[in-house]
Amino acid sequence: MRIVNFAGSFDPIHKGHVQMIKEAFEDLKPDIFYITPISRSFTKTYSTSYQQRVEMIKLALKDLKNENVKINYCEADIPEGYSGYKHIHDLKQYTNAEELYIVIGADHLNDLHTWDEIEWLKNNVIFYVFARRNIPLTDFAKQLIKEKKLIFNHNFDFEVGSYQQRVLPTFLNDEVAQYINNNALYIHQRLITRMKEERYQHSVRVADLAKSLALIYKPELANKAYIAGLYHDWCKEASDASILALIKDTKYDKYKDMFHRINNLHGPACVSVMKYQIYFSDEEILHAIANHTILLDNDINMLDKILYCADKLEPYRTEEDLTNINYYRNLVKSNLDKTFEEIVQFQHNKFKNDRRR
């Protein structure tokens with residue numbers, strides 16, 4: 001029996017991984033191709049849980065429609081993680097594999113000789129390496145090639161770039177991208193590309209407060225309120241020119257001449273980024289973000305009110321931001337509508353005074 005094992009963090013699994021699976025399967029034609037998500041890395045910290053990474057792998061593998069590609073859950077109940085040798089050794093025993101191939105990237109070639117039980121591995125597996133031509137090789141790798149214990153696939157030409165790029169939909173299966181959006185995964189990596197750390201922390205505080213308010217008034221909105229809070233200021237630090245470019249040809253473009261501060265339209269700009277750059281599709285969340293600074297739409301709903309109030313009342317806001325802020329922090333826990341109406345009036349007067357200056 002010929003077995004192939006591809007272990008990794010898959011945080012997240014991206015199109016490059018899927019291409020590697022396809023290439024290796026076509027080349028090696030195994031009886032079973034195992035994808036093994038590892039529960040713990042000794043060199044990196046994961047942004048997601050083991051189960052979340054497994055769910056993303058399932059979604060990515062649906063496109064393959066190959067029943068011989070399976071997930072190996074050997075580390076599911078071992079939070080401290082296996083050593084590479086341990087799970088390969090167990091896999092060989094479990095499957096009674098006559099041929100066992102281990103898929104690795106070229107980045108592992110330089111330290112391959114340091115792996116635990118490398119002599120056992122050298123005698124029991126064949127390393128299948130995705131690499132470009134003319135890569136530098138250690139003496140150990142050259143010896144493995146000579147012994148036919150290391151073979152290359154030079155057809156891999158997928159570039160994923162930085163970690164921030166890997167979590168963009170361009171590099172992800174559509175269903176994986178939606179799973180990431182719906183569960184607010186990799187949020188720091190995404191948001192920090194357009195905002196400073198201080199504003200990111202503000203967004204987290206707004207998200208926490210929005211979620212707590214949703215749990216009071218409509219618990220089924222809690223996750224949406226949290227996601228809306230996280231993303232609401234994603235374009236707050238954008239230039240006026242960027243905001244105008246983002247809202248061009250949207251229904252919010254007509255408001256550009258109504259405010260002397262173009263930045264007041266950073267909510268609608270954020271909606272454009274979310275819809276067209278990360279393929280965010282939840283219209284309720286997008287609607288709340290569009291209206292969190294100025295109420296631009298007439299059909300204001302509960303999520304809109306929750307985000308609007310959370311943004312004005314998060315813990316670091318002061319009396320300079322909103323007069324009688326502590327009064328509203330108490331009121332919002334019992335009367336969302338009254339809080340919303342009074343803060344809207346306060347903000348309306350504030351904007352009117354700003355326009356007179």
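How many of the six residues of strand β2 (residues 32-37) are buried? In this predicted model, six of the six are buried, and the strand is mostly covered. The cover extends to both faces of β2. On one side lie Ile32, Tyr34 and Thr36, and on the other lie Phe33, Ile35 and Pro37, all of them buried.

Strand β2 belongs to an open sheet of six strands, arranged in the order β3-β2-β1-β4-β5-β6. Strands of a sheet pair through backbone hydrogen bonds, and the pairing may be parallel or antiparallel. In the present sheet the pairing is parallel. Its edges are formed by β3 (69-71) and β6 (150-153), each of which pairs on one side only. Averaged over the sheet and with direction ignored, neighbouring strands are turned by 25° against each other.

Two of the pairings can be described through their bridges. Strand β1 (residues 2-8) and β2 run parallel and are joined by six bridges. Within this pair, Phe6 has Ile35 of β2 as its bridge partner; Ile35 is also one of the buried residues listed above for β2. Towards the edge strand β6, four bridges join β5 (residues 126-130) to β6, and these strands also run parallel. Here Phe127 has Leu150 of β6 as its bridge partner.

Helix α2 (residues 50-61) lies across β2 and β3, and its direction makes an angle of about 145° with β2.

A contact between two helices was also examined. Two packed helices are described by the angle between their axes and the distance between the axes. For helix α12 (residues 266-276) and helix α13 (residues 283-290), the axes come within 7 Å and cross at roughly 150°. Angles over 145 degrees count as roughly antiparallel, so α12 is roughly antiparallel to α13. On the α12 side the contact is made by Gly267, Pro268, Cys270, Val271, Met274 and Lys275, and on the α13 side by Glu283, Leu286, Ile289 and Ala290. Sorted by class, these residues are seven nonpolar, one polar and two charged.

Cys270, part of the α12 contact, is also the cysteine whose sulfur is closest to that of Cys235. A disulfide is a covalent bond between the sulfur atoms of two cysteines. The two sulfurs are 5.1 Å apart, whereas a disulfide requires them to be within 2.5 Å; the distance is therefore too far for a bond. The count of disulfides in the model is zero. Cys235 has 1% relative accessibility and so counts as buried.

Notes
Residues are numbered from 1 along each chain as its sequence is written. This is a predicted model: local features need pLDDT of at least 70, side-chain atom pairs count only at pLDDT 80 or more; totals for chains, interfaces and linings use all residues. Side-chain values use heavy atoms; hydrogens and water are left out. Axes are lines fitted to C-alpha atoms, for helices over the stretch in contact, and angles run from 0 to 180 degrees between N-to-C directions. Helices (H or I, at least four residues) and strands (E, at least two) are DSSP runs, numbered from the N terminus. Angles under 35 degrees count as roughly parallel, over 145 as roughly antiparallel, 65 to 115 as roughly perpendicular and the rest as oblique. Contact means heavy atoms within 4.5 Å. Ala, Val, Leu, Ile, Met, Phe, Trp, Tyr, Cys and Pro count as nonpolar, Asp, Glu, Lys and Arg as charged, and the others, Gly among them, as polar. Buried means under 20% relative accessible area, exposed over 50%, partly exposed in between (1.4 Å probe, protein chains only). Two strands pair if DSSP finds at least two bridges between them.
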